[in-house]
Amino acid sequence: MGTETVDAERRWRDLPWRERFDPNRLTDGLPVFPLGVLFGLNAVDELDRTAFNVLLPEIKKSFGLNLNGVVALVTVAAVFALLIELPVAYWADRRRRTRIAAAGAAVWAFFTLLTGVSGVLLSLPLLYLARTGSVLGKTANATHLSLLSDYYPVTSRVKVVYAHRLANSLGQFAGPLIAGFLALWIGWKAPFFLLAAPTLIFVFMALRLHEPKRGMYERLAAGADQETAESEDDPSRFIETFRILWRNRSARRIYVSLPFLSAGSIGLSQLLSIYYDEEFGLDAGQRGILFASIEPIQIVAIVIGGIVVYRIALKSPGRAMFMLCLGVTVQSACLLVMAAAPSLWVAVPAHYVRSFFDAMLVPGIYALISFSVPPRMRTAGFATGNLWLLVGIPGLVAAGAVGSTWGNRAGLLVFTPIYLIGALVLGSSGKFLDADIETNQRTAREQAEERRASTGPKPARRRPLRAAGR
């Protein structure tokens, strides 16, 4: 990735251990306010999602749903959100991403409140609308990663993306505890009224963010001077975006792997909540404690993953991708153990190990996609990856159908071969990733230099002559 990244790795290695983990070094001296705001928006997003996951058995009983009904609820919301995310991202590559991120957060806060209202009214159509709208607001989250890639340089991007991902663990820790105990105290609707409030605080903070230059740090990494680096690329046309992304060999393989990984990421948490309820008899409070106890493990995994992936990616992003592939293989084995677990003492440790490697996987993939996708279509690149998650919906539906017929354990077993296929495809992207990153950086610099040469230097402004005596 160039001499700049090699120098960064050498400087980091030469620091004393205490200084290596100084929080002030996370952004390489740049302001941390943008990271803090996007961190907060990411955390409050998880409060709603994890509350719904933990309380799903109570919601299922209130509305008289079976397992197929639960899968249908999750699937309809996910499909609608993923379909709308790409147009939003395409728009974000042409407009102020900071405003779009704030608007998305306001939308999901409103529909989080509506989830509680649907429970009060016991209206199933309103519940579908609330969950679909809640996920719809989160479609703006692709702008977070795009903004972070342009707020901070290439050398700190992996660290920043992993730090941003810590917000997920914070929300996933607080969400189950708050939701589980409030549900035991005053019913499952109350958490959805309470959890919308923190989102609005970060919405107002997001409105203060400035819009960064798109792709500036890629051009600097390729050797451009500051003036050339600040010259933004023209946004690509809609069809051209897909053509360029598909022509990118590493991005294409990452995208193809995502349906196999998404079969678990979209609905596995909901199925696990029902699994613990029906197989081991855990109530809402116990499930809240269990899911919250996973988060410290994920925080450790994100810290370790951020350090390890950062150091490997500075030398070879392709090798970092191969390491993530091994983590997916371990997750597949853990799901097999959970499907056969005779007791909680076996199921929970397997769940912990799976969560550890899952926490390392997602930010790693996002960070490496940010390198391989051209800056002028970066938001669309992230959203295109999420669109590929739709192809994994049949795997989730199959798990729900198998679980309804043969039990929750059989439903979990469906994910094992799906994850293994995803691991193989994801690992194959590594051999092309280094070359694609170098091509993107060089192309970004050459296009910026061509634009600067074609426009020429700006003529100096001449002050008008003044009449004598005035």
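Visitor: Does Gln298 count as buried or exposed?

Guide: Buried means under 20% relative accessible area, exposed over 50%, and partly exposed in between, using a 1.4 Å probe and protein chains only. Gln298 has 8% relative accessibility, so it counts as buried. One caution: this is a predicted model, where local features need pLDDT of at least 70, side-chain atom pairs count only at pLDDT 80 or more, and totals for chains, interfaces and linings use all residues. Residues are numbered from 1 along each chain as its sequence is written, and side-chain values use heavy atoms, with hydrogens and water left out.

Visitor: Which residues is Gln298 in contact with, leaving aside neighbours within four places in sequence?

Guide: Contact means heavy atoms within 4.5 Å. On that basis Gln298, which sits in helix H16 (residues 284-315), touches Ser169, Gln172, Ser355 and Ala359. Helices here are DSSP runs of H or I, at least four residues, numbered from the N terminus.

Visitor: And how do I read a helix pair?

Guide: Two packed helices are described by the angle between their axes and the distance between the axes. Axes are lines fitted to C-alpha atoms, for helices over the stretch in contact, and angles run from 0 to 180 degrees between N-to-C directions. Take H6 (residues 97-121) and H11 (residues 197-206): the angle is about 165 degrees, and the axes are 9 Å apart. That makes H6 roughly antiparallel to H11 (over 145 degrees counts as such).

Visitor: Which residues in H6 meet H11?

Guide: Thr98, Ala102, Ala105, Ala106, Trp108 and Ala109, against Thr199, Leu200, Val203 and Ala206 in H11.

Definitions and conventions. Helix = DSSP H or I, 4+ residues; strand = E, 2+ residues; numbered from the N terminus. Parallel < 35°, antiparallel > 145°, perpendicular 65-115°, else oblique.
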